[in-house]
Number of protein chains: 2
Amino acid sequence: MATKMIDMTHGSGGRSMTRLIEDLFLPAFDNPWLSAMNDHAVLGPSSGRLVMATDSNVVRPLFFPGGDIGSLSVHGTVNDVAMAGATLLCLSAGFILEEGFPMETLSRIVSSMAASAKSVGIPIVTGDTKVVERGKGDGIFINTTGIGFVPETVSLSPQRVVPGDKILVSGFIGDHGSAIMAVRENLSIAGQFLSDSAPLHDLVASLIKSGAEIHCLRDPTRGGVATLLNEIAAQSGTGALIEEEAVPVRDEVRALCEVLGIDPLYVANEGKLVAYCAARDAERLLEAMRAHPLGRAGAIVGEVTQNKGGFVQVRTSFGGYRIVDWLSGDPLPRIC
Amino acid sequence: MATKMIDMTHGSGGRSMTRLIEDLFLPAFDNPWLSAMNDHAVLGPSSGRLVMATDSNVVRPLFFPGGDIGSLSVHGTVNDVAMAGATLLCLSAGFILEEGFPMETLSRIVSSMAASAKSVGIPIVTGDTKVVERGKGDGIFINTTGIGFVPETVSLSPQRVVPGDKILVSGFIGDHGSAIMAVRENLSIAGQFLSDSAPLHDLVASLIKSGAEIHCLRDPTRGGVATLLNEIAAQSGTGALIEEEAVPVRDEVRALCEVLGIDPLYVANEGKLVAYCAARDAERLLEAMRAHPLGRAGAIVGEVTQNKGGFVQVRTSFGGYRIVDWLSGDPLPRIC
């Protein structure tokens, strides 16, 4: 297996493609829907409102401290569905492979996807494989699309966010982006950084179970917490005031960001969420967050303000204020 | 707009990406789910068994007689969902763009997707955009994932296929592959060929409504009718016997295939289906098929046999027999 490579026949619809599916994908993802080998999966009836989310994953490098493109592609879509307060049902997986991509690397990535999906408890029920010529792709791109159902009692959206709401972050920010940056820059200290890539469905379930009045949940991936705050402000017609000292940032992440001239608020996360909740329930929500393994370092970091201009402000540790604007360039391409 | 190009900032999560979404995707796909601008879409409750299908689209050229990557990406996934006998609910769209891709071309493709989705009557409810560096992609790849619901009364699968079943094809085969081949080979006669790319959900609804006992539906895309016949034979533990003269092939497609040394049975279709039904209902199903605009040239082409080896045989116009095996190479890469 070690020297085998993807060639154009693996995307042909013919015998090679069928063998790839039967030898690699079916055993790894092992579930009755995929094994039916239709071009679709038929699942059982479900109740509640349906939620759908999609992610195309182009992260580089393919393997990084704390994860790889396979686990990231599962966690990313799981988290997008979970942020609606949904219970996850299933995932699809679409692969775009470049001719010459090592079969052994594909196998490692697929195993990682399978392990991640298993840890979340959801099947990868249908898939698709395409192969492009050498030089027309970049090894592997993975699309994952997820489906879940939200119970009628749960309603989370930016439109529910109102001035006075408290803003919570579920833990240390900037870990994923720092791990990627440190590896890409070939820093000798790269071993200190670990992506936070993780599935947040169970943390979300705990937060909802706390009974706190949550208005909105979102995960601060590309563009980091700063971008998320600006998005929610724009979508809810509010502003936000963040206490810089309250935002959990690891010392080594802060140091790396200083060296690279990047604000940790803009650095991507893959296992964190930001919660907006009614002020009176903030402490209760924080307690539920910290009681969960993925929310131990959670914190109340600020509140929603009336600013109609959608300004997001940070009160610095020196007591000054600065505006945290939308990102205009792209400091870190292909972070997910 | 004509000279604008995709750059890395369009995948950053920042202001450029938000503008791309607000200026291009939201107006084109225009629906409340997408306009909510969450990382997921929340839809209403539905009943029946859920069906999911996914396709990553890498077709070249991007525009071809009879369609483009945009319409193809919608039709392909619509058809995969429809083959389960499902009513379509919604689609997601994931874009992987190469730095330098012209904004105007993206805009044309997105408009085509929007028009196709509109003609099918389904919303594109959620999406994702990634940008890769110049030379790391090939202009544009599109993943579309679709969801539908199958009523409890409908059950279509290869496992229901039994010896004696009749096999129907819904019209002329090989049109899509021929259109792509003629353009790629730069043939002067390329104008004679038109892809059959079309959404088959309504034809499927008509077939089901006929009351004929249909056992399985599948669309013969990559690898053509021959590959489909082999798949179903393997999955149902049967064989198949096809009457070559009964298979509808346009004269010009037959001529092109002869010149290129390809059997039309292996050439891709994007607007045809193959139906397996109880023998006694074959004529009724054929009547329903021909009554639909997308099934006018439909025909009964053969029947399911007891061959446990999964052999697919063709009785030629000269009365001889030949085995139609799995495709082993890839005569036509990136057909969809």
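Predicted model: local features only at pLDDT ≥ 70, side-chain atom pairs only at ≥ 80, totals over all residues.
Student: How is the pair of Phe25(B) and Phe29(B) classed, stacked or edge-to-face?
Tutor: A pair of aromatic rings is described by the distance of the centres and the angle of the planes. Planes under 30 degrees apart count as stacked. The centres of Phe25(B) and Phe29(B) are 6.2 Å apart and their planes lie at 25 degrees, so the pair is stacked.

Student: Where in chain B do Phe25(B) and Phe29(B) lie, and are they buried or exposed?
Tutor: Phe25(B) and Phe29(B) are 4 residues apart, about one turn of the helix that holds them both. That helix is H1 of chain B, residues 15-29. As for accessibility, Phe25(B) and Phe29(B) are both buried.

Student: At what distance from the ring centre of Phe63(A) is the charged end of Arg108(A)?
Tutor: In chain B, Arg108(B) lies over the face of Phe63(B), 3.9 Å from the ring centre. In chain A, the charged end of Arg108(A) sits over the ring of Phe63(A), and its distance from the centre is 3.9 Å.

Student: Which three residues supply 37% of the area that domain 1 of chain A buries against domain 2 of chain A?
Tutor: Chain A is divided into domain 1 (8-150) and domain 2 (158-323). The two domains of chain A bury about 1,600 Å² between them, with 65% of it on carbon and sulfur atoms. On the side of domain 1, three residues supply more of the buried area than any other three: Pro65(A), Asn79(A) and Met83(A).

Student: How many salt bridges are there between domain 1 of chain A and domain 2 of chain A?
Tutor: The centres of the two domains, taken over C-alpha atoms, are separated by 28 Å. Contact involves 17 residues of domain 1 of chain A and 20 residues of domain 2 of chain A. The count of salt bridges between these domains is 0.

Student: How many salt bridges does the rule find across the interface of chain B and chain A?
Tutor: In this interface, 80 residues of chain B are in contact with 80 residues of chain A. The two chains bury about 6,100 Å² between them, 55% of it on carbon and sulfur atoms. One of the salt bridges pairs Asp128(B) with Arg222(A), whose closest N and O atoms are 2.9 Å apart. Across the interface, the number of salt bridges is 6.

Student: Which residue of chain B is linked in a network of salt bridges with Arg60(A), Asp138(A) and Arg334(A)?
Tutor: Over all chains, the structure holds 33 salt bridges. The network in question links Arg60(A), Asp138(A) and Arg334(A) with a residue of chain B, namely Glu133(B).

Student: How many residues apart are Arg280(A) and Glu213(A)?
Tutor: The side chains of Arg280(A) and Glu213(A) meet in a salt bridge, with an N to O distance of 2.5 Å. Arg280(A) lies in the loop between strand E11 and helix H9 of chain A, whereas Glu213(A) lies in the loop between helix H6 and strand E9. This pair links distant parts of the chain, and the separation is 67 residues.

Student: Why does Arg280(A) count as exposed?
Tutor: Exposed means over 50% relative accessible area, and partly exposed lies between that and 20%. Glu213(A), at 29%, counts as partly exposed. Arg280(A) counts as exposed because its relative accessibility is 64%.

Student: What is the relative accessible area of His176(B)?
Tutor: His176(B) has its place in helix H5 of chain B, residues 175-184. Leaving aside neighbours within four places in sequence, His176(B) is in contact with several residues, including Phe64(B), Asp196(B) and Ile335(B). His176(B) is buried, and its relative accessible area is 0%.

Technical notes. Residues numbered from 1 in each chain as written. Chains lettered and ligands numbered in written order. Heavy atoms only, no water. Phe/Tyr/Trp six-rings, centres within 6.5 Å; stacked < 30°, edge-to-face > 60°. Helix = DSSP H or I, 4+ residues; strand = E, 2+ residues; numbered from the N terminus. Buried < 20%, exposed > 50% of the residue type's maximum accessible area, 1.4 Å probe, protein only. Lys NZ or Arg CZ within 6 Å of the ring centre and 35° of its normal. Domains from an automatic or database assignment. Contact = heavy atoms within 4.5 Å. Buried area = accessible area lost by both parts, 1.4 Å probe. Salt bridge = Lys/Arg side-chain N within 4 Å of Asp/Glu carboxyl O.
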